[in-house]
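Hello,

Here is the structure we talked about handing over. Please load it first, then read my notes below.

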Amino acid sequence: MTSYINQSDGIFPSVCSLDCPDQCGLLIHKKDGKIVKVEGDPNHPVTKGNICNKVRNMTARVHDKNRLAYPMKRVGEKGDGVFERISWEEAIQTITSQWKKLINSDGPESILPYSFYGNMGNLTAEGMDRRFFNRLGATRLDRTICSVAGGVGYQYTMGGSFGIDPEDTIHSKLIIFWGVNAVSTNMHQISLAQQARKKNGAKIVVIDVHKNQTAKFADWFIPIMPGTDSALALGMMHILFKENMVDNAFLQQYTVGYDELREHVIQYDPETVSNITGVPVEDIYTLARMYGKTSPSYIRIGNGPQHHDNGGMCIRTISCLPALTGQWVVKGGGAIKGNSGYLEYNAHYLQRPELLQNKKTRRVNMNQIGEALFTLDPPIKSLYIYSSNPAVVAPDGNKVRKGLLREDLFVVVHDLFMTETAKYADIILPATSSYENTDFYASYWHHYMQIQQPVIEPHGESKSNVEVFKLLAKGMGFEEPAFQETEAEMIAKSLDYPRNPYLEGITYEKLVEKQYVKANMKPLFPGRLKTPSGKIELYSKRMEKDGYPPLPTYIPLKDDGDLPFSFIPAPNHNFLNSTFSNNDKHRSLEKEPLLHMNAVDARERSIQNGDVVKVWNQRGECELKVSVGESVLPGVVATQGLWQNLDGTKQLVNSLTPDRVSDMGGGATFFSGRVNVAKR
């Protein structure tokens with residue numbers, strides 16, 4: 001492997017590690033061994049040198065004076081954030097001795113790992129850590145906080161995470177951004193849409209609950225009531241069938257259930273759908289006719305709609321639309337929910353589930369960590385938290401923080417910073433940044449596998465996840481060869497996966513040589529999908545067997561209390577979840593959290609633009625400055641970003657969100673909560 005660490009000056013290739021579909025190619029500028037500039041790689045075929053503000057200012061994060069530099073142990077009260085420095089030897093000995101005691105007294109299931117994709121590197125996120133906790137026999141974590149509900153729903157229709165090549169969307173003539181603020185979360189799809197606009201006169205439509213930056217970029221913004229997206233899609237289907245705008249030849253050759261769907265959507269007439277969604281009848285007709293008569297048309301299906309009680313069914317429903325008009329066989333037509341299926345690697349090898357001896361080991365849904373810390377029997381006695389910040393990102397945040405305060409809960413946090421969660425720890429371990437690691441990356445939007453080779457020396461005494469779990473394995477006395485492998489060996493063997501023909505030709509050696517390599521692509525059609533029928537399943541017998549309606553169906557949200565507003569805590573522009581929210585530079589770019597409220601609702605409550613309001617429900621409360629206007633429909637309030645509670649503020653929006661799980665996959669229901677609002 002090329003060593004960039006030993007070169008103190010120069011420009012070196014890299015890849016963005018953030019949980020973002022774009023997964024940009026980067027160039028890292030070094031001087032005197034430090035990163036002085038991060039820019040986009042102009043030669044990357046998709047990202048082409050353009051990067052977001054978050055990454056452009058990454059040097060402020062990597063070389064932040066507040067980065068953790070050595071292990072620490074708690075010496076103050078839990079939650080006060082008072083720690084003292086210790087050695088790595090003492091840290092590992094303390095952790096492993098405590099776990100050995102717990103295993104002897106309470107069993108290995110008393111220990112729970114809690115992590116997500118704070119770093120999207122596959123070794124970092126699901127490599128040596130999974131091996132370690134499988135061997136330990138710890139309680140297993142269902143990592144469902146992000147995209148699982150929509151992924152399951154889409155899979156029922158399409159058989160897996162397969163969409164069109166985003167590079168082909170420059171040929172689209174109609175682009176629908178459905179529940180995705182792509183300007184902030186998928187900026188290169190915006191660049192491709194802009195090219196389609198210039199090249200083909202493409203029309204850009206945004207369907208969302210909030211007039212965000214993407215909605216402002218669009219030719220037409222359609223505001224919709226939260227959790228009703230499936231009803232709008234069904235209303236479009238009603239018109240497509242009724243006005244004979246469907247591709248019957250495609251339906252007959254590549255789908256099952258189109259006759260049943262045709263009859264089923266009769267009930268979703270535009271008047272009924274308008275009453276559900278808040279979208280005017282004439283707009284439903286215009287949208288359906290635009291979609292039915294424009295080809296190629298492309299739907300970028302976002303994360304937003306799946307974060308509801310009915311999120312899986314919602315995405316399942318939207319994903320049926322391209323089949324009705326035959327868009328899958330038109331270059332630039334179809335949809336993308338995700339594309340991770342093309343870059344699927346040997347996760348079984350990477351994670352080594354066979355190391356888990358008790359296959360009935362219990363599971364905990366990460367969205368319900370607060371509840372689990374109080375009600376699980378036998379109880380969780382230790383948490384090991386890495387690549388995540390549950391005190392901020394987990395729903396029902398007050399319950400989570402109360403659980404972290406348990407004196408009988410031994411908490412270890414491995415992170416780059418003293419996060420809100422780290423303040424509850426007994427032991428803190430300093431983590432490397434991605435630029436200090438060896439790892440490989442598989443985009444879930446474009447089709448390029450990429451590699452990260454270390455660019456700078458580890459900060460202080462920080463260590464990667466791979467290094468730490470090897471140390472923990474040694475401390476626990478685990479001698480299996482799985483804990484001896486190098487990063488290079490893990491990458492090479494993970495890519496050796498004949499079951500996925502799209503990976504053909506992608507090897508560790510080729511990634512080191514090329515930095516990024518495209519999947520061995522072929523069109524979805526003609527071909528056999530990974531559904532039971534091999535076709536697009538408009539009617540799904542598998543869903544029926546699993547207890548769901550076999551046809552796309554609108555299912556109302558669950559009751560979240562008799563409160564007047566649907567509450568949408570959406571992503572913001574300069575943070576990624578809680579990442580960057582601790583950094584002065586990124587906070588100054590984002591300015592302050594705002595609550596967006598319709599002018600009608602504001603007048604009824606004597607609230608004016610710029611007022612500070614109290615936002616509350618049965619789970620907690622926030623205090624936020626209000627932005628009054630027309631960016632949301634009456635009955636909806638929305639905010640953006642996961643801000644810390646700084647300087648006595650109350651701006652932790654996840655103190656208001658429900659920890660219910662969605663209809664499919666146990667996904668999060670962040671956007672299905674209700675709140676009240678009043679002038680402070």
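In what order do the three strands of the open sheet come? The order is S18-S19-S20, and the pairing is antiparallel. Keep in mind that this is a predicted model.

The sheet

Two strands sit at the edges: S18 (439-442) and S20 (516-518). Each of these pairs on one side only. From one strand to the next, the twist averages 20 degrees. S18 meets strand S19, residues 448-452, through four bridges in the antiparallel sense. For a landmark in that pairing, look at Asp-439, which stands opposite Gln-452 in S19. As background, strands of a sheet pair through backbone hydrogen bonds, either parallel or antiparallel.

The cavity

How many cavities of 30 Å³ or more does the structure hold? There is one. The space in the largest cavity comes to about 130 Å³. Its lining is made up of 16 residues. Closest to the centre are Cys-20, Asp-22, Cys-52, Lys-54 and Met-187.

Which of the elements gives the most? That is H7, with three residues.

- nonpolar: nine residues
- polar: five residues

Best regards

Definitions and conventions:
Residues numbered from 1 in each chain as written. Predicted model: local features only at pLDDT ≥ 70, side-chain atom pairs only at ≥ 80, totals over all residues. Heavy atoms only, no water. Pairing = 2+ DSSP bridges. Axes fitted to C-alpha atoms, helices over the stretch in contact; angles between N-to-C directions. 1 Å grid on protein atoms, 1.4 Å probe; cavity = no way out; pocket = protein on both sides within 12 Å on 5 of 7 lines; lining within 4 Å. Points joined across faces, edges and corners; volume = space filled by probe spheres on them. Nonpolar A, V, L, I, M, F, W, Y, C, P; charged D, E, K, R; others polar.
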